[in-house]
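Hi,

Here is the structure I promised to pass on.

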Amino acid sequence: MPVDPARNPTLAVQYWLGRDIIRGVFAPLERLKIEQLVAFYDVGHSPVREAILLLSTSGLVVHEHHKGHRVAPVSFADYADLVGAYRRIYLLMLEIAVEKGDDAWEEAVIVQLHRSLKVEKNFDDPEHREMWQRAYSGLHSTLLSGCGSPIMMRVWRDLGGRLERYVNLFADLEIDRALDHHSKHREIVEALVGRDAPRLEALVTDMFEMGTQFHKTISGSLKASEPKSAVREGGEPEPPRKRGRPRKNNPGK
């Protein structure tokens, strides 16, 4: 828990609620009811309301006019957009980090790599899964922090949190378990210390490609869960219905 709830209950609830949405404790489109959240997190009404407003800027919560807030919906289109945006901003931030990062940043990356290598990819227990996700995110956060841009870091974290939610809700974790992220992370940090930008970009791109089959399982689950449009006989799509009242038949016209 990175925030002391006694000193800053709003940020504490923002962290708790955000993590619980990402972990799938709250389902997509589930209404966020203030009274229930107050009891659930054992805090006051104001911190809960403020936390929900803060999370609405992250893409995890959506607002409905006159109806309050819900957990953000999920869709194949949203997931595909997130994957593309995440990869582009990651590579951009990494390029800037290699140019601007100092020795202290390099040392922080090496320390974080050492810590992450101690965490086993054990998905049999939710707590172990959470520890792995934190270690993975911590390493990449330190890696990208060399870009020196709080704005870009905020965007990256928001995109990463939304992607992690899709993983927790729809992924086949057995595929992810078999991927050797530890070895790939070692290679990435070695290239970073050597300031080998071309090799670093190639390694990160390869890391993204490692998860291609993993992402296909998420995309397949999303496509299967989305309603199919009506289709006429012969394979042609059914035309959209016109709005308004149907006109009465008039034989004289």
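Let's start with a histidine: H69 is found in strand β2 (residues 68-71). Helices (H or I, at least four residues) and strands (E, at least two) are DSSP runs, numbered from the N terminus. H69 counts as buried because its relative accessible area is 15%; the cut-offs are under 20% for buried, over 50% for exposed and partly exposed in between, with a 1.4 Å probe and protein chains only. Leaving out neighbours within four places in sequence, H69 is in contact with E30, R31, L32, I52, L53, S56, V61, V62 and H63, where contact means heavy atoms within 4.5 Å.

Before going further, a word on what you're looking at. This is a predicted model, in which local features need pLDDT of at least 70 and side-chain atom pairs count only at pLDDT 80 or more, while totals for chains, interfaces and linings use all residues. Residues are numbered from 1 along each chain as its sequence is written, and side-chain values use heavy atoms, with hydrogens and water left out.

Now the overall layout. The protein chain has eleven helices and two strands, and from the N terminus on the order is α-α-α-β-β-α-α-α-α-α-α-α-α. Of the 253 residues in the protein chain, 40% are buried. Taking contacts between residues at least 6 apart in sequence, 71% join residues at least 24 apart.

Which residues have the most contacts inside the largest nonpolar core? They are Y90, M93 and I218, and this core has 38 residues. A nonpolar core here is a set of buried Ala, Val, Leu, Ile, Met, Phe, Trp, Tyr and Cys residues joined through side-chain atoms within 4.5 Å. At least two residues of this core come from each of α4, α5 (103-117), α6 (126-144), α7 (150-170), α9 (181-193), α10 and α11 (212-225). Helix α4 gives the most, with ten residues. As general background, nonpolar side chains tend to be buried together in soluble globular proteins. There is also a second, separate core of 17 residues, which includes I22, L37, A51 and L60.

Y90 deserves a look of its own. Not counting residues up to four places away in sequence, Y90 touches H140, L143, L144, W156, V204, M207 and F208.

On to helix packing. Helix α4 (residues 76-100) and helix α10 (residues 197-210) pack at an angle of about 155°, with their axes 11 Å apart. That makes α4 roughly antiparallel to α10. The axes are lines fitted to C-alpha atoms, for helices over the stretch in contact, and angles run from 0 to 180 degrees between N-to-C directions. Under 35 degrees counts as roughly parallel, over 145 as roughly antiparallel, 65 to 115 as roughly perpendicular and the rest as oblique. On the α4 side, Y86, R87, Y90, L91, L94 and V98 meet A197, L200, E201, V204, T205, M207, F208 and E209 in α10. By class, the residues of this contact are ten nonpolar, one polar and three charged. Ala, Val, Leu, Ile, Met, Phe, Trp, Tyr, Cys and Pro count as nonpolar, Asp, Glu, Lys and Arg as charged, and the others, Gly among them, as polar.

How are α1 and α2 placed relative to each other? The axes of helix α1 (residues 9-23) and helix α2 (residues 34-41) come within 12 Å and cross at roughly 105°, and α1 and α2 are therefore roughly perpendicular. V13, W16, L17 and D20 in α1 meet L37, F40 and Y41 in α2. That contact has six nonpolar, no polar and one charged residues.

- H182 sits in helix α9 and is buried, with a relative accessible area of 16%. Residues up to four places away aside, H182 touches S116, L117, V119 and W132. The C-alpha atoms of H182 and S116 are separated by 8.1 Å, although the two are 66 residues apart along the chain.
- E120 lies in the loop between α5 and α6 and counts as exposed at 59% relative accessibility.
- D42 is in the loop between α2 and α3 (45-55). D42 is not a glycine, yet has a positive phi of about 55°; its relative accessible area is 69%, so D42 is exposed.
- R195, in the loop between α9 and α10, also has a positive phi, near 55°. At 30% relative accessibility, R195 counts as partly exposed.

Cheers
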